[in-house]
Amino acid sequence: MLCTMATTAQLFEEPFDADEYIERLAWRTPGGGSKGGAEAFDPKKLLEEFENHIEELKQLDERIQRKVEKLEQQCHREAKEFAHKVQDLQRSNQVAFQHFQELDEHISYVATKVCHLGDQLEGVNTPRQRAVEAQRLMTYFNEFLDGELRSDVFNNPDKIKEAADIIQKLHLIAQELPFDRFADVKAKIASKYHDLERQLIQEFTAAQRRGEIGRMREVAAVLLHFKGYAHCVDVYIKQCQEGAYMRNDVFEDTAILCQRVNKQVGEVFSSPETVMAKLIQSIFENKLQAHVKEKLDETRHSDVEQYLKNLYDLYTRTTVLASKLSEFNLGSDKHTFLSKLIKNIFSCYLESYIDMERQYLQNRSAMILQRYYDSKNHQKRPLGTGSIQELKERIRQRTNLPLGPSIDTHGETFLSQEVVVNLLQETRHAFERCHKLSDPADLPKNAFSIFLLLVEHLCVDHIDYALEIGLSAIPSADAKNANLYFLDVVQQANTIFHLFDKQFNDHLMPLISSSPKLTECLHKKKEVIEQMEVKLDTGIDRTLNCMIGQMKHILATEQRKTDFRPEDENNVMIQYTTACSKVCAYVGRQVERVRRSMDGKNVDTVLTEFGVRFHRLIHEHLQQFSYSSMGGMLAICDVAEYRRRAKDFRVPLVLQLFDTLHALCNLLVVAPDNLKQVCSGEQLTNLDRNLLHAFVQLRVDYRSARLGRHFS
C-alpha cells in the first residue's frame, strides 16, 4: 500500500497537468496503453486501475487534510504565545521608559547645580586673577618708576614674547595717566615699547630671510597688538618682491609671486586676506603702473598705432592677471577691489581712448585708399553736390541721352579686394579694442562711431565712388563696339558687400545687440544698401541698354533685305542668317558675364529683363522686312536659333516669349487656306488679332492672296 502511495505521489510532479496525469497512469497500467497494439489493450484492467487509484487518491486527500488541520492548530497556539510575549515586552518597555525619564530629570537637576557652582567659582576666580595681574603689572610699573629694570623678563632676550605682552599692557595703562605727574615714566615705557617693537620687526625680518615660517608666525602674533604691526606687513611685502622680477614679463612674474606668497601668508598671519590684498595693491600701484606708463608714454605721441596696440595688450593682460588673482582670498568684495586697482592705472589713458581710436582709423583708412589710387595713377574726382556735372550725371543715369562723352576707365573698376580687406581688418581691430577698452555704458556709442567711419571709407569713399565712376564710364546705347565694364564693378561690389555684411554681423552686432544703437546701425546699413542698390540698378539698366544697342547695331549692319526675299527661291543653302549668328554669339557672351557678375535671385532678375528686351528687339526687327515663302522659312530658322539661345537664360518667361515669336513666324509661310486655322492654334489664340494681322501683312503675297479678308 505504501508503495502504491509513493507511486501515486510520483505522478504529482510540477507543473501538474490533468491530461498528462491520466496518460501516464494509463501507460503504467498493463494492457491500458498502446503498447502491444490493439490486441493487448484491456479496458477492464484499465477501469480497475482507475477505481483503485481513485481510492488511493481519497486516502491521500484524507491524510493531507488531517496534516493541514494539525498544522493550523499548532499555528494558532504559537500565535497566542507570541501575543503574550509582545504584551510582556510592552509592559517592560513602559517601565524602562519611566525609569529613563526619572534619570533624565535627575541629570538635568545635577547639571544645573554644577553650572551654578561653576558660575560662582568663576565669579570668585576672575577678580582674583585680575588682582594678581594688576599686582604683577604694578610691580613692573614700579621698576619703570624707579628707573631700574631689575626683572629677568626685560633683560633676557629669550623672554621677548613675555616682555612684549607686559610692555604692551603697560603702554595702554600709561596712556590713561596724567602727563604732568607721570611724564618721565610714560616716556620710559614708550621708549621700551618702541625698542621691543623694533626688535620684534627685526626678528621677523631675519626669520623671513631664513625661511622659518614657525618663528615668523610667533612674532607676527606678538606684533598683532602693537602699532608697528602694519610696518611688519610692509616689510614682509617688500621682502617678498625682492628678486621676484628677474624676467621681462612683469605679468607672469606677478602671477608666480602671488601664487607663492598666497601659500605662505596663511601660515604666518592671522588675517591673510588683508596681507594678500595689500601685497597686490603694492604691486599694482608700483610695478604695474610704472610698467604701463613706460610702455604707453613712449608711443603715445610718436606712433598712435603702436600705442593703441600696446594699450589693448596691456589692459588685456592686466585684466587676465586680475582674473587669476581673484581666485585668492582678498576679502568679501575682491572683484570691486581689483577693478579699482585697474581703473587707477588705466583711467587717464581710457578717457581719451575712443578719440585716438577714431582719429587713427580716419587717418589710416584715408591713407589706404589714397595709396591704392596712387598705385593706379588716378586722381580722385570730386563728387560734390549742386554742380552742373552732377546734374548731367543724374540725367545720364535716368535717361539714355548723350550728355557729352563718357569716361574711359580702360577696364579699371576702381575696386580692390586688398583695399577692402585692409579696411575691414583695421576696423575689426578697432572693434576688438573698443570692446575691451570702452566703459560698458559707452560701448554701443563707441562701436557705432567706428561703424560710421567704416561706412564713410569703405561704402562711400570706395564702393560708392567706384559705382559713380562706373556709371560715368557706361557708354551711350548707340555706341559702337562699347566695352561694358560695369558688370565687373557689380561683381566686385557684390563680393565686397558680403564681406562688409559679415563683419557687421560678426563684430559689430555683439557690441550693440542689447542697446538702442542697434536701431541706428540697422537704419544706417539699410540706407547705405538702398543707395548702392539704386546706383547698381541704374548701371545695370544702362548696361542692358548698351547690350541691346550693340545687338541693334549688329542687326542693322549685317541684316539685308534680300535675306528674306532671296532672288533665287530654290537656291537658299544657309540654316540661318549671318546677323542671327552674330547676335546669338553676342547674347551668349553677355549671359555668361551676367552669371559671373551676379548671385542668387539677382541673376534671374537681370536675365529676365535682358531676355525681355532681347525678345522685343528681335520682334521689332522682324517687322521691318517683307517675306517671301523661302524668306519666311529663313526667318523661322533665325527665330529658332534665337529661341535656342534663349534657353541659356534658364528663365521660363523668356523661352515662352520666343516660343510665341516662333509661332508668329509660322504665319509667314502657312498656306493662305490654312491661315485662319493657324491663327486659332493653341499658341496664337490668346494674342491680339492686330498683332497677328501685322505679321501676316509682312508676306509678299498679302495683297495678291487677299489675306486681309481673314482679319476683317
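This is a predicted model: local features need pLDDT of at least 70, side-chain atom pairs count only at pLDDT 80 or more; totals for chains, interfaces and linings use all residues.
Aspartate 648 is partly exposed, with a relative accessible area of 31%.

How many salt bridges does a search of the whole structure find? The count is 25. Here are some to visit.

Go to helix H10, which covers residues 272–297. Select lysine 293 and aspartate 297. Their side chains form a salt bridge, with 2.9 Å between N and O. Both residues belong to H10 and sit 4 residues apart, about one turn of the helix.

Next, jump to helix H18, residues 517–558. Select lysine 517 and glutamate 520. Here a salt bridge joins the two side chains at 3.2 Å, N to O. The pair lies within H18, 3 residues apart, which is about one turn of the helix. Glutamate 520 has a relative accessible area of 37%, so glutamate 520 counts as partly exposed.

Now select three residues at once: Asp464, Glu468 and Lys535. Salt bridges link these three in a network.

Return to H10 and step past its end. Select threonine 299. Where does threonine 299 lie? Threonine 299 is in the loop between H10 and helix H11, which spans 304–325. Its relative accessibility is 9%, so threonine 299 counts as buried; the cut-off for buried is under 20%. Show what surrounds threonine 299. Setting aside neighbours within four places in sequence, its contacts are Val304, Gln306, Tyr307 and Asn310.

**A nonpolar patch**

Move to helix H3, residues 43–146. Select valine 110, which has its place in this helix. Valine 110 is partly exposed, at 38% relative accessibility. With Val110, they form a nonpolar patch on the surface. Together the three have about 290 Å² of accessible area.

**After the helix H24**

Select tyrosine 702. Tyrosine 702 is found in the segment after helix H24, which covers 689–696. Is tyrosine 702 buried or exposed? Tyrosine 702 is buried, because its relative accessible area is 16% and buried means under 20%. Which residues does tyrosine 702 touch, not counting those up to four places away in sequence? They are His693, Val696, Gln697, Leu707 and Gly708.

**Zoom out**

Now show the whole protein and colour by secondary structure. The protein has 24 helices and 0 strands. Of its 712 residues, 39% count as buried. The protein exposes about 41,800 Å², and carbon and sulfur atoms supply 51% of that area.

What share of them joins residues at least 24 apart? The share is 74%.

Note on methods: Residues are numbered from 1 along each chain as its sequence is written. Side-chain values use heavy atoms; hydrogens and water are left out. A salt bridge is a side-chain nitrogen of Lys or Arg within 4 Å of a carboxyl oxygen of Asp or Glu. Helices (H or I, at least four residues) and strands (E, at least two) are DSSP runs, numbered from the N terminus. Buried means under 20% relative accessible area, exposed over 50%, partly exposed in between (1.4 Å probe, protein chains only). Contact means heavy atoms within 4.5 Å. Accessible areas come from the Shrake-Rupley method with a 1.4 Å probe; for residues, only the protein chains shown count as cover. Patches are made of residues with over 30% relative accessible area and no salt bridge: like charges are joined within 9 Å, nonpolar side chains (Val, Leu, Ile, Met, Phe, Trp, Tyr) within 5 Å.
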